[in-house]
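Hello,

Here is the structure I promised to pass on to you. Have a look at it first, and then read my notes below.

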Amino acid sequence: MGEVKRITPLLVVLVCAVGCSESPEPSPAETSPSAALSTAHTADGGECPRSGDADRTDASSTAYYYVAISHCWDSMRDKNTAAGVLRAKELMSVSWYEQQKEGAGTRNTLQAQFGKAAKHESYSVPKVSRTVGDVDEDVAADKAVRGLTTEWSWLARDGSEKMPGGRDQQVIYLEKQGGQWMVVGSETTMTEEHDGA
């Protein structure tokens, strides 16, 4: 087995709307989509999940698609992990999107992994599932928190073996406006990078 590198945390960015600190007693969380999402990149006949496929009336669905899209990378066109996040624009509040856009040019924490993937023209294959534990909360009728775990590997276009990727856990903060849920912030609480060497 390869060595496992731990990076804790990869990125901690928390944006919470006014009222989050004074939240009422949470109600039971909605259930996330049960099946793990597995997808190829658009360049290979498959495609990354689309924002339009999310059920915007459901906080769990919105969070799920935001995370799935954010982890769908193509080493031939994406310079860093931020590229995936920016593709989820339709699921984000304007202020959260602008913050991600501003930070998009910063150093890629998975730079070495992206470099290895680029040598084989690889794209990521993410699998998203609920994080075990009491992460999910319906804070109010228009505020929710969802915890999601993503595992990814890389598939090469040149026929090479599948390249290890990693796993992370995120806490996603959502607000409902005009009957639709949107992501207003996220926090990565754990990242493991897998090394297949």
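Contact here means heavy atoms within 4.5 Å. With that in mind, residues 24 or more positions apart account for 66% of the contacts in the chain with a separation of 6 or more.

Please keep in mind that this is a predicted model: local features need pLDDT of at least 70, side-chain atom pairs count only at pLDDT 80 or more, and totals for chains, interfaces and linings use all residues. Residues are numbered from 1 along each chain as its sequence is written, and side-chain values use heavy atoms, with hydrogens and water left out.

**Overall layout**

The chain has four helices and seven strands; these are DSSP runs numbered from the N terminus, with helices being H or I of at least four residues and strands E of at least two. Their order along the sequence is β-β-α-α-α-α-β-β-β-β-β. Of the 197 residues in the chain, 46% are buried, where buried means under 20% relative accessible area, exposed over 50%, and partly exposed in between (1.4 Å probe, protein chains only). The chain exposes about 10000 Å², and carbon and sulfur atoms supply 49% of that area. Accessible areas come from the Shrake-Rupley method with a 1.4 Å probe, and for residues only the protein chains shown count as cover.

**The strands**

Two strands count as paired if DSSP finds at least two bridges between them. Strand 4 (residues 137-140) pairs with strand 5 in the antiparallel sense over three bridges, and these two strands form a hairpin with two residues between them. Within that pairing, Glu137 has Val145 of strand 5 as its bridge partner. Strand 6 in turn runs antiparallel to strand 7, joined by twelve bridges. The hairpin of strand 6 and strand 7 has two residues between the strands, and Gly178 in the turn has a positive phi of about 60°.

In strand 7 you will also find His194, which is partly exposed at a relative accessible area of 29%. His194 and Gly166 are 28 residues apart in sequence, with their C-alpha atoms 5.0 Å apart in space.

**The cores**

A nonpolar core is a set of buried Ala, Val, Leu, Ile, Met, Phe, Trp, Tyr and Cys residues joined through side-chain atoms within 4.5 Å. The largest one has 22 residues, among which Tyr66, Met92, Ile172 and Leu174 touch the most other members. Two or more residues come from each of helix 1, helix 3 (94-102), strand 5 (143-155), strand 6 (163-177) and strand 7 (180-194). Helix 1 gives the most, with eight residues.

A second, separate core has seven residues, including Trp73, Leu110, Trp152 and Trp154.

**Helix 4 and what follows**

Which residues of helix 4 are buried? In this helix (residues 111-119) they are Gln113, Phe114 and Ala117. They cover an arc of only 100° around the axis, so they sit on the same side of helix 4; the arc is that of the directions from the helix axis to the C-beta atoms. Strand 5, strand 6 and strand 7 are among what covers these buried residues. The face turned away from the buried side carries the exposed residues Ala112 and Lys119.

Most residues other than glycine have a negative phi. Glu121 is in the loop between helix 4 and strand 3 (123-130) and is partly exposed, at 38% relative accessibility.

**The disulfide**

A search of the whole structure finds one disulfide, defined as a pair of cysteine sulfur atoms within 2.5 Å. Cys48 and Cys72 form it, with their sulfur atoms 2.0 Å apart. The pair links distant parts of the chain, 24 residues apart: Cys48 is in the loop between strand 2 (12-13) and helix 1 (59-70), and Cys72 is in the loop between helix 1 and helix 2 (82-87). The torsion about their S-S bond is about -85°, so the disulfide is left-handed. Cys48 counts as buried at 11% relative accessibility, and Cys72 is buried at 0%.

Best wishes
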